[in-house]
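Thank you all for coming; I would like to walk slowly through one structure this morning, so please keep the picture in view while I talk.

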Amino acid sequence: MTITSFFNVETLLIALGLAAFAYLAWQRILWGIYMIAAFLPLYLIRFSVGFFHSTVLELGILILGCIWLIKNSRWKRIRLPIGPASGSLQAVPLRFQLPIALLLIAAGIGFLFSPDTAHALGTLKAYFLEPTLILLIMVYEIKLEQDAVTIMYLLGGLVIVVGLIAVWQSYTGYGIPTAFWANDATRRVTTFFGYPNASALLVGPIVGFYIGYLFKQDSVATHAFKIMVITMGVITILAAHSTGALVAICAVLVMVFLRYKYTRTLMIAGLIIGGTLLLNSARVQDRIVTLQRNVTNNYLDLASSSLEIRINQWRETALLIRDHWLLGAGLDGYQTKLAPYHQYSWLEIYLYPHNIFLNAWTELGLLGLAAFVWLGIVIFKSLLSVIKRSYYATWAWALLYAWVALLVHGLVDVPFFKNDLSVLFMIFVGLTILVWNWSASPVLGKRHSTK
């Protein structure tokens, strides 16, 4: 949805909604965080007033950020310098500060060397600055474990809403933007979004989290809610026909089975037997041979699979990186810079290479790739360290599964460079930091415990 005029009913409703948001956020900052988490798809409501372009989600984040800094003169007391805060635990530990700072620096460099600085500025603020602002507000404002639980409940509720729309679209085809996806024989749901994978990218990491969170002792009603989130998320992924997201959830399930001794042997045996049966299937063998031949010969046609198209895209991207290995293509520069390397004129040049590492390298250069890898290593090492401690182990496992789901799906898609996904990414970073902080300090952990 795009609104271009200031004087219309839609703009008035947006203004009233943002005013209500500002009032509630002023009453309690946490309410603002909760509303941002619950309404991530509001980035779809875009508007322009003169030369100013924005989305409802962006304005919500900026309003919340201003209130957070102004209220109680917080801007005088916030500690952002590198290093531990005097006399207290640093809200953002040094191990997280450094890669996040490097990521922002790389984004700034990517903006400076972008072939389209106007669009790159929008990308810089929407995908990096504003999500990082949400991260800071989270780690400074969330004081209780229950506050973090509320965020995940709201994200779970969002998955349920998306799932209900997916079920409705799957049966009716209503609201699917293209005739091909709406057709009964080739139907793929899009829910709020313009393409199927957008729904799967949003729900996948949340489903991964809830798979791990099932192991936390809770009431029957809470467990029913968790199961509902997982069920509706999987239904969304299946209805969207997102192979990448489905493989990601399967990877999480494999981790769950390998985690326990009494299921580990069963899982390994199942993988061996299932793999053997698949590899001995004539249909699978024929598909593997065809894929190998097409990839080797770099052959594509209208019947090519999405994997074959991805591989061709990665090959072209590798040629781009060979010539621009240091700075990449710059923010929003991939389509422009890839054009000389593009071989199939009938195939569109996508916005990104559809691989989490290539996405970072082409958009942010080698420095940005290093920042993403560094941050990922810090996240996984921190969570594995927390798992060794008793109380927050369930949180750490759940977050680990969320990150695995994001990473596995990200090998063939774009799990970050999108308004809602970049905010979701930083929400998970924020939750990881909070769990690390609570686990690192026995006193803080007890203070933040809900038990």
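At what angle do helix H5 and helix H17 pack, and how far apart are their axes? Before I answer, note that this is a predicted model, in which local features need pLDDT of at least 70 and side-chain atom pairs count only at pLDDT 80 or more, while totals for chains, interfaces and linings use all residues. Residues are numbered from 1 along each chain as its sequence is written, and side-chain values use heavy atoms, with hydrogens and water left out.

Helix H5 (residues 117-141) and helix H17 (residues 419-440) pack at about 30 degrees, with their axes 8 Å apart. Helices here are DSSP runs of H or I with at least four residues, numbered from the N terminus, and axes are lines fitted to C-alpha atoms over the stretch in contact, with angles running from 0 to 180 degrees between N-to-C directions. H5 and H17 are therefore roughly parallel, given that angles under 35 degrees count as roughly parallel, over 145 as roughly antiparallel, 65 to 115 as roughly perpendicular and the rest as oblique. Their crossing is right-handed, a term for the near helix being turned clockwise from the far one by less than a right angle, with anticlockwise giving left-handed.

Let us turn to another pair. Helix H4 (residues 94-112) packs with helix H15 (residues 356-387) at an angle of about 160 degrees, their axes being 8 Å apart, which makes H4 roughly antiparallel to H15. The crossing is left-handed, and the residues that meet include Arg-95 and Phe-96 in H4 and Glu-363 and Trp-374 in H15. This contact divides into 18 nonpolar, three polar and two charged residues.

In a further pair, helix H6 (residues 145-172) and helix H9 (residues 220-240) pack at about 45 degrees, with axes 8 Å apart, which makes H6 oblique to H9. Their crossing is left-handed, and the contact includes Gly-156 and Gly-163 of H6 together with Phe-225 and Met-232 of H9. Here the residues divide into 13 nonpolar, seven polar and no charged.

Finally, the pocket. The lining of the largest pocket is made by 42 residues, of which Arg-188, Asn-197, Ser-306, Arg-310 and Tyr-350 lie nearest its centre. A pocket is, on a 1 Å grid over the protein atoms alone, an open set of points where a 1.4 Å probe fits, with protein on both sides within 12 Å along at least five of seven lines, and lining residues have an atom within 4 Å of a point. The lining divides into 23 nonpolar, eleven polar and eight charged residues.

Key:
Nonpolar A, V, L, I, M, F, W, Y, C, P; charged D, E, K, R; others polar. Helix = DSSP H or I, 4+ residues; strand = E, 2+ residues; numbered from the N terminus. Contact = heavy atoms within 4.5 Å.
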